[in-house]
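Let's take a friendly walk through this structure, looking at its helices and at the charged side chains that pair up.

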Amino acid sequence: MKNSLLVVVFLVSLSSFSQNKKWTLQECVDYALENNITVKQSELDTDIAEENITSAIGNFLPSVNGSTSGNFNFGSYIGQDGSRISSNTFGSSLSVNAGVTIFNGFRNTNLYKQAKLGLESSKVQLQKLKDDISLFVVNSYLNALLNKENYKIAEEQYKVTQQQVERITVLFNEGSQPKSALLDVEAQLASNKEQLINAQNSIDLALLNLAQLLQISHRGFDVEEVTFNLSSVELLYNDTDQIFNKALGDRPEIRAAEINIENSELDIEMAKSAFYPSVSLGAGLGTSYQHTLGEKDRRTIVDPNTGTISSIPNGFGTQFNNNLGYNVGVSISVPIFNGNRTRASVNRAIISSKRTAYGLEQAKQDLRSTIENAYLDARAALNQYQASNASLVAQEEAFRTAKESYSQGVTTSFEFEQVRNRLISAQSTLANSKYNFVFKSKLLEFYYGIPITLD
(Lines give C-alpha, C1' and ligand atoms only; values in the text may rest on other atoms or scores of the structure.)
Protein backbone atom coordinates (compact mmCIF):
# COMPACT_ATOMS: atom_id res chain seq x y z
CA MET A 1 0.00 0.00 0.00
CA LYS A 2 2.85 2.35 0.90
CA ASN A 3 4.67 1.58 -2.36
CA SER A 4 1.49 2.23 -4.38
CA LEU A 5 1.10 5.62 -2.70
CA LEU A 6 4.69 6.53 -3.56
CA VAL A 7 4.11 5.61 -7.20
CA VAL A 8 0.97 7.77 -7.33
CA VAL A 9 2.82 10.73 -5.76
CA PHE A 10 5.68 10.28 -8.23
CA LEU A 11 3.35 10.21 -11.23
CA VAL A 12 1.45 13.27 -10.02
CA SER A 13 4.74 15.12 -9.49
CA LEU A 14 5.98 14.08 -12.93
CA SER A 15 2.73 15.25 -14.55
CA SER A 16 2.94 18.57 -12.71
CA PHE A 17 6.55 19.02 -13.82
CA SER A 18 5.74 18.34 -17.47
CA GLN A 19 2.86 20.84 -17.39
CA ASN A 20 4.90 23.55 -15.67
CA LYS A 21 7.98 23.08 -17.82
CA LYS A 22 8.77 25.91 -20.21
CA TRP A 23 10.60 24.89 -23.35
CA THR A 24 13.66 26.78 -24.51
CA LEU A 25 14.29 27.38 -28.20
CA GLN A 26 17.15 24.89 -28.25
CA GLU A 27 14.98 22.24 -26.64
CA CYS A 28 12.27 22.82 -29.24
CA VAL A 29 14.72 22.58 -32.13
CA ASP A 30 16.44 19.48 -30.74
CA TYR A 31 13.13 17.75 -30.09
CA ALA A 32 11.81 18.55 -33.56
CA LEU A 33 14.95 17.23 -35.26
CA GLU A 34 14.93 14.06 -33.19
CA ASN A 35 11.24 13.21 -33.44
CA ASN A 36 9.93 14.72 -36.66
CA ILE A 37 8.46 11.98 -38.87
CA THR A 38 9.77 13.51 -42.09
CA VAL A 39 13.28 13.62 -40.62
CA LYS A 40 13.03 9.97 -39.60
CA GLN A 41 11.94 9.03 -43.10
CA SER A 42 14.88 10.93 -44.55
CA GLU A 43 17.22 9.13 -42.16
CA LEU A 44 15.87 5.84 -43.50
CA ASP A 45 16.67 7.07 -47.01
CA THR A 46 20.27 7.43 -45.82
CA ASP A 47 20.20 3.85 -44.53
CA ILE A 48 18.97 2.69 -47.95
CA ALA A 49 21.82 4.60 -49.61
CA GLU A 50 24.30 2.76 -47.38
CA GLU A 51 22.82 -0.56 -48.49
CA ASN A 52 23.21 0.56 -52.11
CA ILE A 53 26.95 0.88 -51.47
CA THR A 54 26.98 -2.68 -50.15
CA SER A 55 25.25 -3.85 -53.34
CA ALA A 56 27.72 -1.92 -55.49
CA ILE A 57 30.65 -3.58 -53.71
CA GLY A 58 28.99 -6.95 -54.36
CA ASN A 59 29.36 -6.38 -58.12
CA PHE A 60 33.11 -6.95 -57.74
CA LEU A 61 32.63 -10.25 -55.91
CA PRO A 62 31.96 -13.61 -57.58
CA SER A 63 28.47 -15.00 -57.62
CA VAL A 64 28.04 -18.61 -56.48
CA ASN A 65 24.91 -20.65 -57.15
CA GLY A 66 24.05 -24.20 -56.24
CA SER A 67 21.31 -26.30 -57.77
CA THR A 68 19.92 -29.78 -57.35
CA SER A 69 17.18 -31.78 -59.00
CA GLY A 70 15.41 -35.09 -58.61
CA ASN A 71 13.09 -36.94 -61.01
CA PHE A 72 11.24 -40.24 -61.36
CA ASN A 73 10.90 -42.00 -64.71
CA PHE A 74 8.15 -44.59 -65.25
CA GLY A 75 7.40 -46.73 -68.27
CA SER A 76 9.30 -48.88 -70.75
CA TYR A 77 11.93 -48.50 -73.43
CA ILE A 78 13.50 -50.67 -76.21
CA GLY A 79 16.76 -52.31 -75.25
CA GLN A 80 19.74 -52.85 -77.53
CA ASP A 81 18.60 -56.37 -78.46
CA GLY A 82 15.23 -55.03 -79.62
CA SER A 83 13.27 -56.27 -76.66
CA ARG A 84 11.03 -54.02 -74.59
CA ILE A 85 12.29 -53.34 -71.10
CA SER A 86 10.02 -52.07 -68.36
CA SER A 87 11.90 -50.05 -65.75
CA ASN A 88 11.14 -47.37 -63.16
CA THR A 89 14.11 -45.19 -62.25
CA PHE A 90 15.02 -42.29 -60.01
CA GLY A 91 17.72 -39.80 -60.85
CA SER A 92 19.19 -36.77 -59.14
CA SER A 93 21.89 -34.23 -59.90
CA LEU A 94 23.84 -31.59 -58.02
CA SER A 95 25.85 -28.68 -59.37
CA VAL A 96 27.66 -25.59 -58.06
CA ASN A 97 28.59 -22.73 -60.39
CA ALA A 98 30.56 -19.56 -59.80
CA GLY A 99 31.13 -16.55 -61.99
CA VAL A 100 32.87 -13.21 -61.70
CA THR A 101 33.06 -10.21 -63.99
CA ILE A 102 36.64 -9.40 -64.90
CA PHE A 103 35.93 -6.32 -67.03
CA ASN A 104 32.77 -4.58 -68.21
CA GLY A 105 33.97 -1.18 -69.33
CA PHE A 106 34.43 0.06 -65.73
CA ARG A 107 30.67 -0.07 -65.23
CA ASN A 108 30.93 -1.67 -61.79
CA THR A 109 33.49 0.93 -60.72
CA ASN A 110 31.22 3.76 -61.76
CA LEU A 111 28.22 2.14 -60.07
CA TYR A 112 30.21 2.07 -56.85
CA LYS A 113 31.11 5.74 -57.23
CA GLN A 114 27.45 6.58 -57.85
CA ALA A 115 26.40 4.67 -54.76
CA LYS A 116 28.83 6.70 -52.66
CA LEU A 117 27.49 9.91 -54.19
CA GLY A 118 23.99 8.69 -53.42
CA LEU A 119 24.87 8.35 -49.75
CA GLU A 120 26.36 11.83 -49.65
CA SER A 121 23.32 13.20 -51.47
CA SER A 122 21.00 11.60 -48.91
CA LYS A 123 22.99 13.18 -46.10
CA VAL A 124 22.90 16.69 -47.57
CA GLN A 125 19.18 16.36 -48.29
CA LEU A 126 18.70 15.34 -44.66
CA GLN A 127 20.68 18.37 -43.54
CA LYS A 128 18.61 20.66 -45.77
CA LEU A 129 15.43 19.21 -44.24
CA LYS A 130 16.78 19.77 -40.73
CA ASP A 131 17.69 23.35 -41.59
CA ASP A 132 14.18 24.05 -42.87
CA ILE A 133 12.55 22.52 -39.80
CA SER A 134 14.87 24.51 -37.52
CA LEU A 135 13.82 27.75 -39.22
CA PHE A 136 10.15 26.81 -38.91
CA VAL A 137 10.61 26.15 -35.20
CA VAL A 138 12.47 29.42 -34.63
CA ASN A 139 9.81 31.40 -36.46
CA SER A 140 6.99 29.73 -34.50
CA TYR A 141 8.86 30.22 -31.23
CA LEU A 142 9.34 33.95 -31.89
CA ASN A 143 5.70 34.23 -32.88
CA ALA A 144 4.72 32.81 -29.50
CA LEU A 145 7.00 35.32 -27.75
CA LEU A 146 5.50 38.16 -29.81
CA ASN A 147 1.97 37.22 -28.78
CA LYS A 148 3.05 37.01 -25.15
CA GLU A 149 4.40 40.54 -25.39
CA ASN A 150 1.22 41.77 -27.05
CA TYR A 151 -0.70 40.22 -24.18
CA LYS A 152 1.38 42.21 -21.68
CA ILE A 153 0.57 45.39 -23.60
CA ALA A 154 -3.15 44.59 -23.55
CA GLU A 155 -2.97 43.65 -19.86
CA GLU A 156 -1.27 46.92 -18.97
CA GLN A 157 -3.90 48.92 -20.81
CA TYR A 158 -6.65 46.96 -19.08
CA LYS A 159 -5.14 47.89 -15.69
CA VAL A 160 -4.95 51.55 -16.70
CA THR A 161 -8.63 51.52 -17.67
CA GLN A 162 -9.54 49.81 -14.40
CA GLN A 163 -7.88 52.68 -12.53
CA GLN A 164 -9.87 55.12 -14.64
CA VAL A 165 -13.12 53.36 -13.80
CA GLU A 166 -12.32 53.48 -10.10
CA ARG A 167 -11.44 57.19 -10.27
CA ILE A 168 -14.49 58.18 -12.37
CA THR A 169 -16.75 56.16 -10.05
CA VAL A 170 -15.53 58.15 -7.08
CA LEU A 171 -15.98 61.43 -8.94
CA PHE A 172 -19.46 60.39 -10.11
CA ASN A 173 -20.48 59.51 -6.58
CA GLU A 174 -19.21 62.91 -5.47
CA GLY A 175 -21.27 64.53 -8.22
CA SER A 176 -18.31 66.06 -10.07
CA GLN A 177 -18.58 63.79 -13.11
CA PRO A 178 -21.68 62.97 -15.16
CA LYS A 179 -23.08 59.50 -15.68
CA SER A 180 -21.94 59.55 -19.33
CA ALA A 181 -18.29 59.82 -18.29
CA LEU A 182 -18.60 56.72 -16.16
CA LEU A 183 -20.36 54.85 -18.95
CA ASP A 184 -17.59 55.81 -21.39
CA VAL A 185 -14.78 54.40 -19.27
CA GLU A 186 -16.80 51.28 -18.45
CA ALA A 187 -17.32 50.73 -22.18
CA GLN A 188 -13.58 51.21 -22.70
CA LEU A 189 -12.86 48.67 -19.96
CA ALA A 190 -15.10 46.15 -21.72
CA SER A 191 -13.26 46.84 -24.97
CA ASN A 192 -9.88 46.39 -23.27
CA LYS A 193 -11.07 43.13 -21.74
CA GLU A 194 -12.03 41.90 -25.18
CA GLN A 195 -8.58 42.85 -26.46
CA LEU A 196 -7.03 40.99 -23.54
CA ILE A 197 -9.05 37.85 -24.35
CA ASN A 198 -8.06 38.08 -28.01
CA ALA A 199 -4.42 38.44 -27.00
CA GLN A 200 -4.67 35.31 -24.86
CA ASN A 201 -6.30 33.44 -27.73
CA SER A 202 -3.42 34.49 -29.98
CA ILE A 203 -0.96 33.07 -27.45
CA ASP A 204 -2.88 29.80 -27.26
CA LEU A 205 -2.96 29.54 -31.05
CA ALA A 206 0.76 30.30 -31.38
CA LEU A 207 1.64 27.68 -28.75
CA LEU A 208 -0.69 25.20 -30.46
CA ASN A 209 1.06 25.77 -33.81
CA LEU A 210 4.47 25.27 -32.22
CA ALA A 211 3.35 22.14 -30.36
CA GLN A 212 1.93 20.72 -33.58
CA LEU A 213 5.20 21.47 -35.33
CA LEU A 214 7.00 19.53 -32.59
CA GLN A 215 4.29 16.84 -32.88
CA ILE A 216 3.55 16.85 -29.14
CA SER A 217 0.44 17.56 -27.08
CA HIS A 218 -0.37 21.24 -26.60
CA ARG A 219 -1.79 20.64 -23.12
CA GLY A 220 0.40 22.42 -20.59
CA PHE A 221 2.86 23.38 -23.32
CA ASP A 222 4.62 26.72 -22.89
CA VAL A 223 7.85 28.41 -23.93
CA GLU A 224 10.48 30.21 -21.96
CA GLU A 225 10.42 33.96 -22.41
CA VAL A 226 13.56 35.65 -23.71
CA THR A 227 14.80 39.16 -23.08
CA PHE A 228 16.50 40.75 -26.08
CA ASN A 229 19.14 43.43 -25.62
CA LEU A 230 18.65 45.68 -28.62
CA SER A 231 20.05 48.88 -27.09
CA SER A 232 22.88 49.07 -29.65
CA VAL A 233 21.31 47.03 -32.42
CA GLU A 234 22.94 46.89 -35.85
CA LEU A 235 23.41 44.48 -38.74
CA LEU A 236 26.26 42.03 -38.37
CA TYR A 237 27.31 42.34 -42.03
CA ASN A 238 27.63 45.30 -44.37
CA ASP A 239 26.95 43.47 -47.65
CA THR A 240 25.75 40.14 -49.00
CA ASP A 241 28.92 39.00 -50.81
CA GLN A 242 30.59 37.90 -47.59
CA ILE A 243 27.56 35.83 -46.60
CA PHE A 244 27.10 34.40 -50.09
CA ASN A 245 30.74 33.32 -50.47
CA LYS A 246 30.61 31.60 -47.08
CA ALA A 247 27.27 29.94 -47.88
CA LEU A 248 28.58 28.52 -51.17
CA GLY A 249 30.86 26.18 -49.27
CA ASP A 250 28.39 25.31 -46.52
CA ARG A 251 24.85 25.15 -47.83
CA PRO A 252 23.53 21.63 -48.53
CA GLU A 253 21.48 22.73 -51.56
CA ILE A 254 24.70 23.81 -53.32
CA ARG A 255 26.45 20.56 -52.48
CA ALA A 256 23.40 18.61 -53.67
CA ALA A 257 23.60 20.37 -57.06
CA GLU A 258 27.32 19.59 -57.27
CA ILE A 259 26.64 15.93 -56.50
CA ASN A 260 24.08 15.86 -59.30
CA ILE A 261 26.76 17.04 -61.73
CA GLU A 262 29.23 14.39 -60.56
CA ASN A 263 26.52 11.79 -60.86
CA SER A 264 25.65 12.86 -64.42
CA GLU A 265 29.30 12.59 -65.43
CA LEU A 266 29.32 9.02 -64.15
CA ASP A 267 26.17 8.36 -66.20
CA ILE A 268 28.15 9.31 -69.30
CA GLU A 269 30.94 6.90 -68.39
CA MET A 270 28.49 4.09 -67.77
CA ALA A 271 26.80 4.70 -71.09
CA LYS A 272 30.21 4.54 -72.79
CA SER A 273 30.93 1.22 -71.10
CA ALA A 274 28.61 -0.44 -73.61
CA PHE A 275 31.26 0.24 -76.30
CA TYR A 276 33.80 -1.95 -74.47
CA PRO A 277 34.00 -5.75 -74.48
CA SER A 278 32.99 -7.56 -71.30
CA VAL A 279 35.06 -10.38 -69.86
CA SER A 280 33.83 -12.84 -67.26
CA LEU A 281 35.27 -15.94 -65.64
CA GLY A 282 33.16 -18.96 -64.77
CA ALA A 283 33.73 -22.27 -63.01
CA GLY A 284 31.58 -25.10 -61.77
CA LEU A 285 31.23 -28.68 -60.71
CA GLY A 286 28.46 -31.23 -61.07
CA THR A 287 27.54 -34.83 -60.35
CA SER A 288 24.56 -37.15 -60.64
CA TYR A 289 22.95 -40.32 -59.27
CA GLN A 290 20.78 -42.94 -61.04
CA HIS A 291 18.76 -45.69 -59.38
CA THR A 292 16.44 -48.37 -60.79
CA LEU A 293 13.48 -48.81 -58.47
CA GLY A 294 13.24 -52.21 -56.87
CA GLU A 295 16.87 -53.12 -57.63
CA LYS A 296 20.12 -52.73 -55.78
CA ASP A 297 22.59 -50.14 -56.93
CA ARG A 298 25.27 -52.26 -58.68
CA ARG A 299 27.47 -51.80 -61.71
CA THR A 300 28.68 -54.42 -64.18
CA ILE A 301 32.40 -54.44 -65.03
CA VAL A 302 34.46 -56.55 -67.43
CA ASP A 303 38.01 -57.64 -66.58
CA PRO A 304 40.11 -56.51 -69.59
CA ASN A 305 42.58 -59.35 -69.12
CA THR A 306 40.27 -62.29 -68.63
CA GLY A 307 36.98 -60.98 -69.95
CA THR A 308 35.30 -62.00 -66.72
CA ILE A 309 32.05 -60.15 -66.03
CA SER A 310 31.28 -59.19 -62.45
CA SER A 311 29.06 -56.82 -60.51
CA ILE A 312 30.17 -54.38 -57.87
CA PRO A 313 28.22 -52.02 -55.54
CA ASN A 314 27.39 -48.69 -57.12
CA GLY A 315 25.54 -46.78 -54.36
CA PHE A 316 24.70 -43.13 -53.89
CA GLY A 317 28.14 -42.06 -52.61
CA THR A 318 30.01 -44.06 -55.23
CA GLN A 319 28.01 -42.59 -58.12
CA PHE A 320 28.33 -39.01 -56.84
CA ASN A 321 32.07 -39.49 -56.52
CA ASN A 322 32.54 -41.21 -59.91
CA ASN A 323 30.26 -38.80 -61.77
CA LEU A 324 31.86 -35.68 -60.32
CA GLY A 325 33.00 -33.29 -63.04
CA TYR A 326 34.54 -29.81 -63.17
CA ASN A 327 34.51 -26.94 -65.63
CA VAL A 328 36.21 -23.57 -65.96
CA GLY A 329 36.00 -21.01 -68.72
CA VAL A 330 36.38 -17.43 -69.83
CA SER A 331 33.64 -15.59 -71.68
CA ILE A 332 34.30 -12.53 -73.83
CA SER A 333 31.50 -10.49 -75.37
CA VAL A 334 32.46 -7.88 -77.93
CA PRO A 335 29.82 -5.31 -78.99
CA ILE A 336 29.83 -4.78 -82.75
CA PHE A 337 26.60 -3.05 -83.69
CA ASN A 338 23.26 -2.54 -81.92
CA GLY A 339 21.48 -0.05 -84.11
CA ASN A 340 23.32 2.98 -82.65
CA ARG A 341 21.44 2.58 -79.40
CA THR A 342 24.63 2.82 -77.36
CA ARG A 343 25.71 6.00 -79.12
CA ALA A 344 22.26 7.51 -78.56
CA SER A 345 22.46 6.55 -74.89
CA VAL A 346 25.83 8.31 -74.57
CA ASN A 347 24.49 11.42 -76.29
CA ARG A 348 21.47 11.50 -73.97
CA ALA A 349 23.77 11.24 -70.95
CA ILE A 350 25.90 14.13 -72.25
CA ILE A 351 22.83 16.31 -72.81
CA SER A 352 21.50 15.42 -69.36
CA SER A 353 24.87 16.37 -67.84
CA LYS A 354 24.74 19.80 -69.48
CA ARG A 355 21.23 20.26 -68.16
CA THR A 356 22.37 19.30 -64.67
CA ALA A 357 25.16 21.88 -64.84
CA TYR A 358 22.51 24.56 -65.26
CA GLY A 359 20.92 23.21 -62.10
CA LEU A 360 24.03 24.19 -60.13
CA GLU A 361 24.00 27.68 -61.60
CA GLN A 362 20.30 27.98 -60.76
CA ALA A 363 20.96 26.83 -57.19
CA LYS A 364 23.66 29.49 -56.82
CA GLN A 365 21.36 32.17 -58.21
CA ASP A 366 18.55 31.08 -55.90
CA LEU A 367 20.90 31.16 -52.92
CA ARG A 368 22.17 34.62 -53.82
CA SER A 369 18.60 35.88 -54.27
CA THR A 370 17.57 34.40 -50.94
CA ILE A 371 20.50 35.97 -49.12
CA GLU A 372 20.05 39.36 -50.80
CA ASN A 373 16.35 39.37 -49.98
CA ALA A 374 17.10 38.32 -46.42
CA TYR A 375 19.66 41.11 -46.12
CA LEU A 376 17.26 43.75 -47.43
CA ASP A 377 14.52 42.40 -45.16
CA ALA A 378 16.86 42.54 -42.16
CA ARG A 379 17.97 46.10 -42.99
CA ALA A 380 14.36 47.19 -43.47
CA ALA A 381 13.40 45.48 -40.20
CA LEU A 382 16.23 47.33 -38.44
CA ASN A 383 15.07 50.67 -39.81
CA GLN A 384 11.49 49.83 -38.85
CA TYR A 385 12.55 48.89 -35.33
CA GLN A 386 14.52 52.10 -34.85
CA ALA A 387 11.64 54.18 -36.19
CA SER A 388 9.13 52.30 -34.02
CA ASN A 389 11.32 52.78 -30.98
CA ALA A 390 11.51 56.53 -31.58
CA SER A 391 7.77 56.67 -32.18
CA LEU A 392 7.08 54.81 -28.92
CA VAL A 393 9.22 57.27 -26.96
CA ALA A 394 7.20 60.15 -28.38
CA GLN A 395 3.86 58.41 -27.79
CA GLU A 396 4.80 57.57 -24.18
CA GLU A 397 5.53 61.23 -23.53
CA ALA A 398 2.28 62.25 -25.18
CA PHE A 399 0.39 59.70 -23.10
CA ARG A 400 2.01 60.91 -19.89
CA THR A 401 0.98 64.47 -20.68
CA ALA A 402 -2.55 63.43 -21.69
CA LYS A 403 -2.92 61.38 -18.53
CA GLU A 404 -2.05 64.37 -16.37
CA SER A 405 -4.44 66.59 -18.33
CA TYR A 406 -7.20 64.01 -18.04
CA SER A 407 -6.63 63.73 -14.30
CA GLN A 408 -7.01 67.50 -14.00
CA GLY A 409 -10.15 67.47 -16.12
CA VAL A 410 -8.56 69.46 -18.92
CA THR A 411 -8.75 66.63 -21.48
CA THR A 412 -11.94 64.75 -22.32
CA SER A 413 -12.13 60.98 -22.13
CA PHE A 414 -12.46 60.80 -25.92
CA GLU A 415 -9.25 62.81 -26.41
CA PHE A 416 -7.48 60.71 -23.78
CA GLU A 417 -8.52 57.48 -25.49
CA GLN A 418 -7.22 58.77 -28.81
CA VAL A 419 -3.80 59.35 -27.27
CA ARG A 420 -3.85 55.99 -25.51
CA ASN A 421 -4.82 54.13 -28.69
CA ARG A 422 -1.85 55.70 -30.44
CA LEU A 423 0.36 54.49 -27.59
CA ILE A 424 -1.02 50.97 -27.84
CA SER A 425 -0.47 51.01 -31.60
CA ALA A 426 3.12 52.20 -31.09
CA GLN A 427 3.77 49.47 -28.51
CA SER A 428 2.37 46.76 -30.78
CA THR A 429 4.30 48.09 -33.78
CA LEU A 430 7.53 48.09 -31.78
CA ALA A 431 6.94 44.54 -30.58
CA ASN A 432 6.27 43.33 -34.11
CA SER A 433 9.28 45.16 -35.55
CA LYS A 434 11.50 43.86 -32.76
CA TYR A 435 10.70 40.18 -33.32
CA ASN A 436 10.74 40.65 -37.08
CA PHE A 437 14.24 42.10 -36.86
CA VAL A 438 15.41 39.34 -34.51
CA PHE A 439 14.29 36.66 -36.94
CA LYS A 440 15.64 38.41 -40.05
CA SER A 441 19.04 39.06 -38.46
CA LYS A 442 19.25 35.49 -37.15
CA LEU A 443 18.40 34.28 -40.65
CA LEU A 444 21.44 36.11 -42.04
CA GLU A 445 23.62 34.53 -39.37
CA PHE A 446 22.14 31.15 -40.26
CA TYR A 447 23.22 31.50 -43.90
CA TYR A 448 26.66 32.49 -42.68
CA GLY A 449 26.84 29.18 -40.80
CA ILE A 450 26.10 30.45 -37.29
CA PRO A 451 23.57 28.29 -35.40
CA ILE A 452 20.41 30.15 -34.44
CA THR A 453 20.15 30.97 -30.74
CA LEU A 454 18.29 33.66 -28.84
CA ASP A 455 21.12 34.50 -26.47
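## Helix H10

In this predicted model, helix H10 is mostly covered, with 25 of its 35 residues buried. After H10 comes Gly-449, which has a positive phi, near 100 degrees.

## A buried glutamine

Is Gln-188 buried or exposed? With a relative accessible area of 16%, Gln-188 is buried, because buried means under 20%. Gln-188 sits in helix H5 (residues 179-214). Beyond its neighbours within four places in sequence, Gln-188 is in contact with Thr-161, Glu-417 and Arg-420.

## Salt bridges between helices

Side chains of opposite charge can pair when their charged atoms come close. The structure holds 18 salt bridges. One of them joins Glu-149 and Lys-434, at 2.9 Å from N to O. Glu-149 lies in helix H4 and Lys-434 in helix H10, so this pair ties together parts that are 285 residues apart in sequence. Lys-434 is buried at 15% relative accessible area, while Glu-149 is partly exposed at 22%.

Arg-255 forms a salt bridge with Glu-120, and their closest N and O atoms are 2.7 Å apart. Arg-255 belongs to helix H7 and Glu-120 to helix H4, so the pair links parts 135 residues apart in sequence.

Methods: Residues numbered from 1 in each chain as written. Predicted model: local features only at pLDDT ≥ 70, side-chain atom pairs only at ≥ 80, totals over all residues. Heavy atoms only, no water. Helix = DSSP H or I, 4+ residues; strand = E, 2+ residues; numbered from the N terminus. Buried < 20%, exposed > 50% of the residue type's maximum accessible area, 1.4 Å probe, protein only. Contact = heavy atoms within 4.5 Å. Salt bridge = Lys/Arg side-chain N within 4 Å of Asp/Glu carboxyl O.
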